[in-house]
Amino acid sequence: MDNGALDFRDRDALFRSVDGGQFDIIVIGGGVTGAGVARDAAMRGLSVVLFEARDFASGTSSRSSKMIHGGLRYMAQGDLGLVHEAASERKAVERVAPHLTRQTPFVIPAKNAAVVAKLRTGMWAFEKLGSVPKDRRHEVWSRADIEAREPSLDASDLSGAVAYPEYLTDDARLTLANIRSAVTHGATVLSYAPVRRLTMENGQATGVVVGDHLTGADERVQVRGKVIINAAGPWVDAIRALEDGAARSRLKLSKGVHLVVPRERLPVDRTIIMPAADRRSVFAVPKGQMTYIGTTDTFYPDADYWPTITPEDVSYLLDASARRFSVSPLTKADVVSAWSGVRPLVAEEGKSASEISRKDEIWTGPGGVLSIAGGKLTAYRMMAERIVDLAETRLGRKAKAPATAEEPLIGGDLNVASTVSASGPDGDRLVGLYGSEAPEIFAAGGGPAIEARHAVLHEGALTLEDYWVRRSARAWFDTDGGLGALAPAAEAMAGLLGWSETETQRQITLCQTTQRDNLAALEDA
């Protein structure tokens, strides 16, 4: 796989390449944490194999609010260490993936001068702790500024606002860039390869038995590893149970829901932070021709692949927007798409989902498996560094972190502005997805068919959903919810993956069903 290209069409050869092998590190989970672990370990010269049960980033790591942020909310919770790390890591992600860290101001409206003063004090401390440069510090808006800069906001009860720069990202693409970068350093990665059980010797975990989700094979290969790292996100407890059937649950899952509406219906130029009825903060975020609103934060019982969106979730977000914006209230008819996901929070007794710390934790199981959970998208790189440090110690090596904060990820070796201009009329979107590879997509003609072909040949896509949801984000941010992209993308993928007409239609139907299910709650909202 040259230059990080992921071409998974010959899955038999890929499975044969790892069957019976031994690696320094086995990583379970292909979300952003597992991807970061694989990249970090491979850059240290360790032999690495990563197994993901479905597609890379198909769980939490494609269902976030898509923000790389400095952790201002943790200042209010008194978690200064998390604030400092988040601010530092925000800079690191910007260095290695400038195309995936697009700066956008966040705006916090304030109802009186006392609130403005309190916000300014908090911002000053936040900026000092995070070593924020002068040109990226906050500014204070008057009511007149709000009316001029964000006229859709209802400023009638506002004294002013505080605006400060943060970053939006494409979480699935950030994960994929880490996966591909790990491959450039020698890692082997397999998707749709669920770990079915651990192999044990003298009470210690020595390897994994892996199935094939696409063929239904329960046990296809067996691989040995000196250190096994469990980075399975919401499924961390399930992997821990393979090691110790009596292990108590360490996670508390929280559901997050986002709604997407046309930007012309909620015309914002910056990310607006607004209070919901329960006083939690909800965001309205501009993204191309769309605006997305999120997120909910409620406990959820199971690690479902697509957590159920309820009428209450929809009402909660629509009501929050109605409370803060002067446009005619959004209705369920305005919602083009929606997504939901679960966060793997580390359980804290007696706390609500919003109150639980987002700090990550590492546990060592009785069989020696290292498990990591919690944490935030922004801090994925440091989470990876910490657990690979432990793995190196276990391997008898002196831990020495590689330059993961300096070496560009795949697609990150670019000047964003010049690459946008070289990528045609859709340049901003293409660069936000592909970075330095965007001009190639444009030169080939662009559009769903070209993008889907690239997804198969270079990005490991094996299903239509892989392209539609995670490689292109068309499922969320196309004006028709991405439905118009399905047929041309499926046709392009069919020729490469050998799909019959029946299978091609089945792939399209699965995506249509996913969208219909995600929007089903609107019927009752």
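Among contacts in the chain between residues at least 6 apart in sequence, what percentage join residues at least 24 apart? In this predicted model, the share is 71%. The chain contains 18 helices and 18 strands. Its radius of gyration is 23 Å, close to the 24 Å given by the globule rule for 525 residues, so the chain is as compact as a globular protein of that length. The C-alpha trace spans about 70 × 50 × 45 Å along its principal axes. Of the 525 residues, 58% are buried.

In soluble globular proteins, nonpolar side chains tend to be buried together. Here the largest nonpolar core comprises 58 residues, and the members that touch the most others are Ile 25, Val 48, Phe 51, Val 208 and Val 223. When residues up to four places away in sequence are not counted, the contacts of Phe 51 include Val 18, Ile 26, Val 27 and Ile 28, as well as Gly 29 and Gly 30. Phe 51 also touches Leu 190, Ala 193, Val 195, Val 208, Val 210 and Val 223 under the same exclusion. Apart from this core lies another, of 42 residues, which includes Phe 106, Phe 283, Trp 339 and Trp 476.

Aromatic pairs in the model number nine. In one of them, the ring centres of Phe 106 and Phe 283 lie 6.0 Å apart with the planes at 65 degrees; because this angle is over 60 degrees, the pair is edge-to-face. Phe 106 belongs to strand β4 (residues 102-110) and Phe 283 to strand β13 (residues 281-287), so the pair ties together parts that are 177 residues apart in sequence. Phe 106 and Phe 283 are both buried.

The aromatic pair of Tyr 292 and Phe 477 is tilted, with 5.6 Å from centre to centre and 45 degrees between the planes. This pair likewise links distant parts of the chain, with Tyr 292 in strand β14 (residues 290-294) and Phe 477 in helix α16 (residues 474-477), 185 residues apart. Tyr 292 and Phe 477 are buried. They belong to one aromatic cluster together with Tyr 305, Trp 306, Trp 339 and Trp 476.

Helix α15 (residues 464-471) is largely enclosed by the rest of the structure, because eight of its eight residues are buried. These buried residues are Leu 464, Glu 465, Asp 466, Tyr 467, Trp 468, Val 469, Arg 470 and Arg 471. The elements covering them include α7 (171-184), α12 (427-434), α14 (448-458), α16, α17 (483-497) and α18 (501-518). Just after α15, Ala 473 adopts a positive phi of about 60 degrees.

Within helix α17 is Ala 494, which counts as buried because its relative accessibility is 13%, under the 20% limit. The C-alpha atoms of Ala 494 and Leu 464 are separated by 9.3 Å, although the two residues are 30 residues apart along the chain. Not counting residues up to four places away in sequence, Ala 494 touches Trp 499 and Thr 504.

Key: Residues numbered from 1 in each chain as written. Predicted model: local features only at pLDDT ≥ 70, side-chain atom pairs only at ≥ 80, totals over all residues. Heavy atoms only, no water. Core = buried A, V, L, I, M, F, W, Y, C linked by side-chain atoms within 4.5 Å. Buried < 20%, exposed > 50% of the residue type's maximum accessible area, 1.4 Å probe, protein only. Contact = heavy atoms within 4.5 Å. Phe/Tyr/Trp six-rings, centres within 6.5 Å; stacked < 30°, edge-to-face > 60°. Helix = DSSP H or I, 4+ residues; strand = E, 2+ residues; numbered from the N terminus. Rg over C-alpha atoms; globule rule 2.2 N^0.38 Å.
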